[in-house]
Amino acid sequence: MATIRLGFGRQNFCLLKRRSFLLLKLTAVVFAVLLFCEFLIYYLVIFQCHWPEVKTPAYGGEKENPEPVLKAIFLADTHLLGEVRGHWLDKLRREWQMERAFQTALWLLQPEVIFILGDIFDEGKWSSSQAWADDVERFQKMFRHPRHVQLKVVAGNHDIGFHYQMNMYKIKRFEKVFNPERLFSWKGINFVLVNSVALEGDGCNICSEAEAELIAISHQLNCSREEHRSTGCGDGPPLPASAPVLLQHFPLYRRSDANCSGEDAAPPDERGIPFKERYDVLSREASQKLLWWLRPRLVLSGHTHSACEVLHGAGTPELSVPSFSWRNRNNPSFIMGSITPTDYALAKCYLPFEDTVLIIYCGAAGFLVVLILVHFGLLGSPCLLGWNLLRKPKTT
């Protein structure tokens, strides 16, 4: 009797040991896959991005000292979900992706300034005060940054509404969180941040104020270009004598994305669809005013969620920055810029593709299923099957 009990005890011990070993293997696989897909893959992908070098030498003529280079990151259309359309799983998945991508880029690339080109939130145009406060709190957690790194933001239509939805309450609410600074100068470089939603051109109070601000900035920039300042330029410190970089949410007017190309451009069947002025892009009139008033050397915009490079007027380049979120693109990205007062160089940094992460998870799930089936004897060991195939004698 004692021998039988001892046999049962050993059998139960062996069974428990096998199950424990299976559980350990399953846990190790799950942990390894989660660690890679939710943390390490961001470092692996973003580590391959490098700051572009300014092509022309950073020396100006007979200057002894090189021009300072500003390292800037440009991203767009994060679309943090709100309480109305935001499913909790969608929020968790896509916002974790953006947080990990942003924090990893900060750590690896060490930018000096970051610009977000509008549509920070998805429901800012209609969110209640409490919902807005909750969204802002999530944004500040996701996009936290060291004090020495500056974060500049322009408003998009999802933040304050399209022209017919926009009002002073929404604008002030947005500007209370994000500095409303329209002209930002650093290291001898001028950036003009435009509320492009207000460039409707219909003479509304908000639109008139926005245009008046831009005319005043235009005057300051013109004064900075003068070798001898005229009396109309005032006594304040002059701006750097550098053509500005124009940053806004809506792109300048273009007919469509027909001439856009690249893996992150709009899908081929959508590129020929005509854009609607004041909805997809700025109007012709507003675009011409911006180019004439500000005379920018570079324009960066968002809104379309897809990449595009176009030339305006006398050759002013504009780059539409793709969305930073998996919710809008399978292959999100951001722009890295090395900028001096007289030149610039841009490079694109892709984030992990969403379908790559999903394929890894599906492959891991399939591997776990195989482990379980092999453990319970429902499937022969792949190693044993392979060994038997190798040992099988060849027939002549």
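Which residues line the largest pocket? The views below take up that question and then move on to a cavity and the helices of this predicted model.

**View 1. The largest pocket of the model and its lining.** Here you can pick out Asp257, Ala266, Glu270, Arg271, Ile273, Pro274, Phe275, Asp280, His303, Thr304 and Ser306, which line the largest pocket. The pocket has a volume of about 240 Å³. Sorted by class, its lining residues comprise 4 nonpolar, 3 polar and 4 charged.

**View 2. The largest cavity, with a contribution from helix H5.** The structure holds 5 cavities of 30 Å³ or more, and the largest cavity has a volume of about 100 Å³. Of its 14 lining residues, Val153, Ala155, Phe174, Glu175 and Arg182 are the closest to the centre. Helix H5 (residues 168-177) supplies the largest share of the lining, 3 residues. By class, the lining of the largest cavity splits into 9 nonpolar, 2 polar and 3 charged residues.

**View 3. Helix H2 along its length, and the residue just after it.** Helix H2 covers residues 88-109, and at 1.5 Å a residue its 22 residues should span 32 Å. The C-alpha atoms at its ends are 31 Å apart, which agrees with that expectation. Look just past H2 and you will find Gln110, which takes a positive phi of about 55 degrees.

**View 4. Helix H2 packing against helix H3.** H2 meets helix H3 (residues 129-142) at an angle of about 40 degrees, and their axes are 9 Å apart. That angle makes H2 oblique to H3. On the H2 side, the contact is made by Lys91, Glu95, Met98, Glu99, Phe102 and Gln103; on the H3 side, by Arg138, Lys141 and Met142. The contact of H2 with H3 has 3 nonpolar, 1 polar and 5 charged residues. A handy reminder for reading such a view: an α-helix has 3.6 residues a turn, so residues three or four places apart point the same way.

**View 5. Helices H6 and H7 side by side, roughly parallel to each other.** The axes of helix H6 (residues 205-225) and helix H7 (residues 284-294) cross at roughly 30 degrees and come within 8 Å. Angles under 35 degrees count as roughly parallel, and H6 and H7 are therefore described that way. Glu211, Leu214, Ile215, Ile217, Ser218, Leu221 and Arg225 of H6 make the contact with Lys289, Leu290, Trp293 and Leu294 of H7. By class, this contact of H6 with H7 has 7 nonpolar, 1 polar and 3 charged residues.

Technical notes: Residues are numbered from 1 along each chain as its sequence is written. This is a predicted model: local features need pLDDT of at least 70, side-chain atom pairs count only at pLDDT 80 or more; totals for chains, interfaces and linings use all residues. Side-chain values use heavy atoms; hydrogens and water are left out. Helices (H or I, at least four residues) and strands (E, at least two) are DSSP runs, numbered from the N terminus. The expected span of a helix is 1.5 Å times one less than its number of residues. On a 1 Å grid over the protein atoms alone, a cavity is a set of points where a 1.4 Å probe fits but cannot get out, and a pocket is an open set with protein on both sides within 12 Å along at least five of seven lines; lining residues have an atom within 4 Å of a point. Grid points are joined across faces, edges and corners, and a volume is the space filled by probe spheres set on the points. Ala, Val, Leu, Ile, Met, Phe, Trp, Tyr, Cys and Pro count as nonpolar, Asp, Glu, Lys and Arg as charged, and the others, Gly among them, as polar. Axes are lines fitted to C-alpha atoms, for helices over the stretch in contact, and angles run from 0 to 180 degrees between N-to-C directions. Angles under 35 degrees count as roughly parallel, over 145 as roughly antiparallel, 65 to 115 as roughly perpendicular and the rest as oblique. Contact means heavy atoms within 4.5 Å.
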